Amino acid sequence: MPHGEIDLERVLCRLADLAATGCREFRLGGGDWLLKGFVVAVAGGVRAYVNRCPHRALSLNLAPDTFLSADRLVIVCCMHGAIFEKTSGLCVAGPCMGHALAQIPVVVMAGIVMLAEEVAVANLVARYAQ
Ligand code: FES
């Protein structure tokens with residue numbers, strides 16, 4: 001890929017998309033098996049996680065782009081109330097305390113949140129698609 005071009009396969013969302021709810025869902029892959037993930041705004045940057053709770057391997061949210069507590073300080077699983085740190089994905093309260101969400105390395109370039117260069121998209125999808 002020539003320098004300066006954006007690899008669309010790696011684009012997750014725009015930074016501006018995070019303003020409304022503090023987070024944004026994305027899907028990677030194709031067909032019936034998709035990796036479901038979300039990007040969350042943190043102080044000074046963003047994080048991305050696989051949308052799969054360590055407790056029961058269920059999606060954390062029911063409503064679109066809704067992963068945070070009302071004060072937006074923590075990630076909350078809507079199923080059984082597990083609470084996760086936004087910056088690390090670590091569960092700090094609830095049934096999976098001490099376990100963590102699977103983090104996906106991302107970068108922000110020109111206001112676009114993208115998978116980091118070292119991420120092999122096919123491997124990521126193969127590992128986490130559901
Ligand atoms: S599935 Fe997330 S707390 Fe139970």
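Student: In β10, which residue is the bridge partner of R14?

Tutor: The model is predicted; local features need pLDDT of at least 70, side-chain atom pairs count only at pLDDT 80 or more, and totals for chains, interfaces and linings use all residues. Residues are numbered from 1 along each chain as its sequence is written. Strands are DSSP runs of E with at least two residues, helices are runs of H or I with at least four, and both are numbered from the N terminus. β1 and β10 pair in the antiparallel sense over 3 bridges, and the partner of R14 in β10 is I112.

Student: In what order do the 3 strands form the open sheet?

Tutor: Two strands pair if DSSP finds at least two bridges between them. β9 is joined to antiparallel β10 (residues 112-115) by 4 bridges, with V107 opposite M114 and M109 opposite I112. The pairing in the open sheet is antiparallel, and the order is β1-β10-β9. The edge strands, each pairing on one side only, are β1 (11-14) and β9 (106-109).

Student: Which residue in the turn of the β9 and β10 hairpin has a positive phi?

Tutor: The hairpin formed by β9 and β10 has 2 residues between the strands. The turn residue with a positive phi, about 50 degrees, is A110.

Student: Is R127 buried or exposed?

Tutor: R127 lies in helix α1 (residues 121-128). With C-beta atoms placed from the backbone, a residue is buried if 20 or more other C-beta atoms lie within 10 Å of its own, exposed if 12 or fewer, and partly exposed in between. Because R127 has 11 C-beta neighbours inside 10 Å, it counts as exposed.
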